[in-house]
Amino acid sequence: MILILCVDDRGGLMFNRRRQSQDRLVRQDMLHLCGAQLLAVSPYTARQFAPEDGVKVVEQPGEEDIFFLEDLSPQPFLEQADKLILYHWNRAYPGDVRIQLPPEGWKLAERTEFPGYSHEKITREVYTR
C-alpha cells in the first residue's frame with residue numbers, strides 16, 4: 001500500500017474530528033500520481049472529490065491501494081504501507097491526530113515543492129522503508 005497524508009509543521013492531520021485544511025491542487029497532484037489506478041479514500045475524505053475524479057471509497061484499504069488517509073490515526077496504516085507520501089501545508093495548525101515527523105523507520109526518497117491553491121507553498125515528500 002502507498003499511504004498519503006497531509007500534515008502541518010507539527011505532524012498534525014486533524015483537529016476536533018475535522019481535517020486541518022485542504023487544497024485543490026494537492027488533490028490534483030494526488031490523482032496525477034495515481035495514474036490509471038484509483039485513489040482509495042474513506043467516506044469522510046470522498047466529500048473532497050468530484051464524482052468524475054474516479055476515487056474509490058473504502059472502509060479499509062487493500063495492500064495494493066494508494067490510500068489518502070485523513071480521519072484516522074495513521075499508525076496502523078504505516079505498519080502496512082510500503083511507501084509514504086506526505087503533503088506538508090508548511091503551517092502550524094491546531095491538531096489532535098498526529099504523526100511523528102520525520103516518520104520513524106522511513107527514509108526520505110524525494111522532496112518536491114509546488115504552489116498550492118490556498119497555500120503559498122506545498123511540499124510533497126516521498127518516503128520508503
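**Exercise 1.** Work out how covered strand 7 is and which strands pair with strand 7.

*Solution.* This is a predicted model, so we're reading computed coordinates.
- Step 1: go through residues 83–88, which make up strand 7; five of the six are buried.
- Step 2: look for a parallel partner. That's strand 1 (residues 2–7), joined to strand 7 over six bridges. Here Ile4 stands opposite Ile85.

**Exercise 2.** Find out how the rings of Phe49 and Phe68 are arranged, and which parts of the chain they link.

*Solution.* 
- Step 1: there are three aromatic pairs in the structure.
- Step 2: for Phe49 and Phe68, the ring centres are 6.5 Å apart and the planes make 85 degrees, so call this one edge-to-face.
- Step 3: Phe49 is in the loop between helix 2 and strand 5, while Phe68 is in strand 6, so you've got a link between distant parts of the chain, 19 residues apart.
- Step 4: check burial; Phe49 and Phe68 are both buried.

**Exercise 3.** Classify the pair formed by Phe67 and Phe77, and decide whether each residue is buried or exposed.

*Solution.* 
- Step 1: the centres are 5.5 Å apart with 45 degrees between the planes, and the pair is tilted.
- Step 2: Phe67 belongs to strand 6 and Phe77 to helix 3 (residues 75–80), so parts 10 residues apart in sequence get tied together.
- Step 3: the cut-off for buried is under 20% relative accessible area. Phe67 has 1%, so Phe67 is buried. Phe77 has 4%, so Phe77 is buried too.

**Exercise 4.** Look at the salt bridge between Glu70 and Arg19, then at the one between Arg124 and Glu110.

*Solution.* 
- Step 1: the structure has six salt bridges. In one of them, Glu70 meets Arg19 at 2.8 Å, N to O.
- Step 2: Glu70 sits in the loop between strand 6 and helix 3, and Arg19 in strand 3, 51 residues apart.
- Step 3: at 5% relative accessible area Glu70 is buried, and Arg19, at 19%, counts as buried as well.
- Step 4: Arg124 and Glu110 meet at 3.5 Å, N to O. Arg124 is buried at 9%, whereas Glu110 is partly exposed at 36%.

Note on methods
Residues numbered from 1 in each chain as written. Predicted model: local features only at pLDDT ≥ 70, side-chain atom pairs only at ≥ 80, totals over all residues. Heavy atoms only, no water. Buried < 20%, exposed > 50% of the residue type's maximum accessible area, 1.4 Å probe, protein only. Helix = DSSP H or I, 4+ residues; strand = E, 2+ residues; numbered from the N terminus. Pairing = 2+ DSSP bridges. Phe/Tyr/Trp six-rings, centres within 6.5 Å; stacked < 30°, edge-to-face > 60°. Salt bridge = Lys/Arg side-chain N within 4 Å of Asp/Glu carboxyl O.
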